[in-house]
Amino acid sequence: MPTHLLNRRRHSPRPALPLTEGIALEHGRTHEACGPARHRFALWLAAAAQKAARAAAPDAAPGPVLWLPPPRGGRQLNPDGLAACASPARFLFVQAARTEDQLWIMEEALRSGAAALVVAELPEPPAMTPVRRLHLAAEAGGRFGPAPLGLLLTPGQGGAQGIESRWHLAPAHNLLVHNRLVHDRLTGEGTAGSQSCWSLQRLRARTLPPRSWQVLQAAAGGALRAVPAPPAASDPPLPSQDLPRGLPLRLPDGKAGALPLPQEAMAAPAPP
């Protein structure tokens with residue numbers, strides 16, 4: 001008797017939480033963020049979840065964000081820094097004694113569906129079995145409404161097994177500064193306003209290839225804008241030899257330049 005492993009039914013894509021144009025994380029799944037700016041990535045998601053909740057129900061209050069700090073303590077998030085992304089009143093912090101307790105709390109929170117976003121700061125990437133349980137719990141949390149989203153914050157380059165997607169975020173503010181200097185020197189135009197820049201990489205995803213962006217934000221709490229990161233291939237040097245070499249830069253008029261590598265990891269914010 002033949003067994004059909006594949007079928008011809010069309011599978012609709014899962015609903016996703018858009019972070020900015022071209023970047024979204026699927027609901028009902030657990031994702032991973034690493035890198036020196038991984039906490040900011042989580043705050044971006046919290047802001048996106050708040051915006052999505054207000055769009056769906058303008059008269060209702062946005063749901064809470066459950067945040068599980070490291071089991072052995074550490075630097076806590078600064079409410080003043082939170083306010084630039086999302087209301088600090090939406091964050092519920094639960095301190096667990098062990099990593100196993102963190103994962104259990106996260107699993108139960110996702111299964112309940114009470115929080116649209118559940119974030120856990122882990123000292124190391126978890127194994128396959130806990131991640132699989134988190135996926136199942138997040139799917140079950142969408143029985144009576146939108147499925148929640150789980151996010152694991154892991155040190156280094158991450159490495160949680162079976163994760164839906166893995167993201168790496170690092171500050172690259174000096175990249176933006178040199179971008180302005182090169183543009184002004186070649187075009188004779190000045191740039192106004194203040195912006196911040198981060199280097200975002202999608203290291204892994206089940207259905208999408210790895211990719212890199214430069215994420216720009218005009219002001220604290222402002223909208224995010226993602227542009228593809230410049231290719232790693234070397235480009236012709238700038239006419240002026242005193243400019244630093246590094247990452248290539250393509251200007252609107254087709255000229256090529258060079259930028260320095262992103263700066264080192266910035267220190268975490270001091271406790272309130």
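Me: Which residues in H3 meet which residues in H4?
Reply: This is a predicted model, where local features need pLDDT of at least 70, side-chain atom pairs count only at 80 or more, and totals for chains, interfaces and linings use all residues. Residues are numbered from 1 along each chain as its sequence is written, and side-chain values use heavy atoms, without hydrogens and water. Here contact means heavy atoms within 4.5 Å, and a helix is a DSSP run of H or I with at least four residues, numbered from the N terminus. On the H3 side are Leu-103, Met-106, Glu-107, Leu-110 and Arg-111, and they meet H4 through Pro-130, Arg-133, Leu-134, Ala-137, Ala-138 and Ala-140.

Me: How do H3 and H4 pack, by angle and axis distance?
Reply: H3 covers residues 99-112 and H4 covers 128-140. Axes are lines fitted to C-alpha atoms over the stretch in contact, and angles run from 0 to 180 degrees between N-to-C directions. The angle is about 20° and the axes are 7 Å apart. Under 35 degrees counts as roughly parallel, so H3 to H4 is roughly parallel.

Me: What kinds of residue make up the contact of H3 with H4?
Reply: Ala, Val, Leu, Ile, Met, Phe, Trp, Tyr, Cys and Pro count as nonpolar, Asp, Glu, Lys and Arg as charged, and the others as polar. The contact of H3 with H4 divides into eight nonpolar, no polar and three charged.

Me: What is the strand order of the open sheet?
Reply: A strand is a DSSP run of E with at least two residues, and two strands pair if DSSP finds at least two bridges between them. The open sheet has nine strands with mixed pairing. E5 (91-93) and E11 (224-228) are the edge strands, each pairing on one side only. The order is E5-E4-E6-E7-E3-E8-E9-E10-E11.

Me: Which residue in E11 is the bridge partner of Gln-214?
Reply: E10 covers residues 211-217 and pairs with E11 in the antiparallel sense, over five bridges. In E11, the partner of Gln-214 is Val-227.

Me: Is E8 enclosed or open, and why?
Reply: Buried means under 20% relative accessible area (1.4 Å probe, protein chains only). On one side, Ser-165, Trp-167, Leu-169 and Pro-171 are buried, and on the other, Arg-166, His-168 and Ala-170. Because seven of the seven residues of E8 are buried, this strand is largely enclosed.

Me: Is Ala-33 buried or exposed?
Reply: Ala-33 lies in strand E3. Arg-38, Phe-41, Leu-151, Leu-152, Leu-153, Thr-154 and Trp-167 touch Ala-33, leaving out residues up to four places away in sequence. Its relative accessibility is 1%, so Ala-33 counts as buried.

Methods:
Angles under 35 degrees count as roughly parallel, over 145 as roughly antiparallel, 65 to 115 as roughly perpendicular and the rest as oblique. Buried means under 20% relative accessible area, exposed over 50%, partly exposed in between (1.4 Å probe, protein chains only).
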